[in-house]
Amino acid sequence: MKILFLPAYYFPETAASSYLGDNIREALCKEKISIELYAPTPTRGISAEERNKYKKLKRESLFDGYLNIHRFSLYAEGKTPVLRALRYTLCWIKQFNRGLFAKDIDCIYLASTPPIQGVLGGMLSKLKRVPFVYNLQDVFPDSLVGTGMTRKGSLLWKIGRRIENFTYRNADKIIVISQDFKRNIMAKGVPEEKIEVVYNWVDENAITPVKDEENELFEEFGISRDKFRVVYAGNLGNAQNIEIIVNAARRLKDNKQIEFIIFGKGGLEDEIKATKAKEQLDNLKILPLQPYERVAKVYGLGNMCIVACKPGLGGAAMPSKTWSIMSSGRAVLANFDEGELKEIVEGGPSTGSGTARPCGVFTKAGDLEGFVAAIEELSQHPERCAEMGRNGRQFILENLTREVGTRKYVEVIKGVVNK
């Protein structure tokens with residue numbers, strides 16, 4: 001069996017949730033399933049020197065030859081949406097060409113970043129007459145509406161819906177990352193039997209609780225162990241509603257016991273830094289996004305760690321960082337649309353765990369008053385945060401391990417090939 005992978009980003013790039021693809025590919029190779037992977041020259045999150053090294057490396061082979069990586073040249077990703085969109089388009093054209101002429105392919109697997117990848121998979125599936133498995137990590141164009149980049153009924157929204165419909169229609173299986181996603185696309189006409197829900201997992205052996213006294217990041221970044229620490233790590237974009245963190249820091253500016261720590265990179269980075277400097281928010285630290293191998297220590301800095309989104313995005317986003325926070329043994333502070341995440345954080349009955357207990361605090365997306373109140377309340381009771389962190393770690397071990405998640409992906413791919 002041979003699977004065709006066409007990712008827009010690949011190692012050593014630090015794209016969101018890139019570990020998921022790595023884990024899936026390794027699990028497939030362990031099953032002696034071959035993979036042909038075509039990816040552009042890496043650009044995101046790496047130095048120019050490292051990028052130049054990969055320009056010369058056109059082909060690699062891993063896992064005893066079961067994973068074959070083919071790289072093609074493409075210019076570095078720009079910061080503007082236009083340059084990024086152009087790069088996505090050129091990448092799509094090159095991957096279509098490589099995919100079309102790839103030999104002996106039994107199945108095509110693609111994830112939803114960028115959304116036009118779904119069209120790529122659908123077209124190649126029809127031309128090569130092989131099944132197509134689509135991994136839906138972000139519901140497009142719903143996510144654009146939620147961030148205010150477009151509105152329902154606009155030209156961009158109509159184009160997005162056409163892309164979405166074409167992708168869903170031509171995929172043999174659609175793997176979604178939550179029940180909310182499943183309900184979303186079923187409402188758009190996707191048959192239930194075409195959908196598989198597989199929650200994003202976390203490598204519970206790589207992301208483990210780190211004791212404060214054993215975490216050198218306190219010294220490296222000048223963070224006090226004596227304060228109540230609230231951590232956010234991830235993209236600094238509109239969808240994540242980073243503004244609520246900055247506003248909370250502004251509200252609690254005079255509380256010297258509470259410190260906010262942001263590790264991130266994205267479109268709002270300069271704006272956040274300017275606000276911090278202008279308003280002298282000494283209780284807010286803004287630090288560079290850290291590599292995956294430091295995730296446990298990054299979240300280990302916090303008494304609570306944030307998962308946030310703008311109102312209206314809960315049905316078009318499922319924050320995988322929740323699992324990393326829980327695996328790190330830290331309490332989750334959610335500011336999110338009500339749905340599955342609320343039940344998981346509060347330990348609701350539909351979490352799938354018979355021993356579910358609260359693993360954090362849930363506040364409604366955009367509710368600054370509730371968000372600030374939760375921080376103030378728990379800053380007086382850090383022992384409750386520690387207990388919720390232990391509950392979260394236990395939930396991961398019972399429900400969301402790497403072995404459980406990757407096994408489901410392997411079964412789905414085998415199922416469509418052997419159908």
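Is Arg129 buried or exposed in this predicted model, and what is its relative accessible area? Arg129 is exposed, with a relative accessible area of 77%. The views below start from this residue.

View 1. Arg129 sits in the loop between α4 and β6, and its phi is near 60°, a positive value in a residue that is not glycine. Phe63, another non-glycine residue with positive phi, has a value near 55°. Phe63 belongs to the loop between β3 (59–62) and β4 (67–72). At a relative accessible area of 35%, Phe63 is partly exposed. Most residues other than glycine have a negative phi.

View 2. The bond joining Thr113 and Pro114 is cis, with omega about -10°. Pro114 is placed in the loop between β5 (107–111) and α4 (117–128). Phe140 and Pro141 are also joined by a cis peptide bond, and here omega is about 10°. Pro141 lies in the loop between β6 (132–136) and α5 (142–146). Most peptide bonds are trans.

**View 3. The crossing of helices α1 and α16.** Helix α1 (residues 18–30) and helix α16 (residues 402–418) have axes that come within 9 Å and cross at roughly 65°. The crossing of α1 past α16 is right-handed. On the α1 side, the contact is made by Asn23, Ile24, Glu26, Ala27 and Leu28. These meet Arg402, Thr406, Tyr409, Val410 and Ile413 of α16. Sorted by class, the contact of α1 with α16 comprises six nonpolar, two polar and two charged residues.

**View 4. Helix α14 and its buried side.** Helix α14 (residues 368–379) contains twelve residues and spans 16 Å from its first C-alpha to its last, close to the 16 Å expected at 1.5 Å a residue. Its buried residues are Leu368, Phe371, Val372, Ala374, Ile375, Leu378 and Ser379. These lie on the same side of α14 because they cover an arc of only 155° around the axis.

**View 5. Leu368 in helix α14.** Leu368 is part of helix α14. Its relative accessibility is 18%, so Leu368 counts as buried, the cut-off being under 20%. With neighbours within four places in sequence left aside, Leu368 is in contact with Ile244, Asn247, Ala248 and Arg251. Asn238 is 130 residues from Leu368 along the chain, and the two C-alpha atoms are separated by 16 Å.

**View 6. Helix α6 and its buried residues.** Helix α6 (residues 155–170) has 16 residues. From first C-alpha to last, α6 reaches 23 Å, close to the 22 Å expected at 1.5 Å a residue. Buried in α6 are Gly160, Arg161, Ile163, Glu164, Thr167, Tyr168 and Asn170.

**View 7. Val190 and its contacts.** Val190 is in the loop between α7 (179–186) and β8 (195–197). Val190 counts as buried because its relative accessibility is 6%. Apart from neighbours within four places in sequence, Val190 is in contact with Tyr168, Ile174, Ile185 and Ile195. Of these, Tyr168 is one of the buried residues of α6. Val82 is 108 residues from Val190 in sequence, and the C-alpha to C-alpha separation is 31 Å.

**View 8. Ser324 in helix α12.** Helix α12 (residues 321–327) contains Ser324. Ser324 counts as buried, at 7% relative accessibility. Not counting residues up to four places away in sequence, Ser324 touches Val202, Ile207, Val295 and Tyr299.

Terms used:
Residues are numbered from 1 along each chain as its sequence is written. This is a predicted model: local features need pLDDT of at least 70, side-chain atom pairs count only at pLDDT 80 or more; totals for chains, interfaces and linings use all residues. Side-chain values use heavy atoms; hydrogens and water are left out. Axes are lines fitted to C-alpha atoms, for helices over the stretch in contact, and angles run from 0 to 180 degrees between N-to-C directions. Helices (H or I, at least four residues) and strands (E, at least two) are DSSP runs, numbered from the N terminus. A crossing is left-handed if the near helix is turned anticlockwise from the far one by less than a right angle, and right-handed if clockwise. Contact means heavy atoms within 4.5 Å. Ala, Val, Leu, Ile, Met, Phe, Trp, Tyr, Cys and Pro count as nonpolar, Asp, Glu, Lys and Arg as charged, and the others, Gly among them, as polar. The expected span of a helix is 1.5 Å times one less than its number of residues. Buried means under 20% relative accessible area, exposed over 50%, partly exposed in between (1.4 Å probe, protein chains only). The arc is that of the directions from the helix axis to the C-beta atoms.
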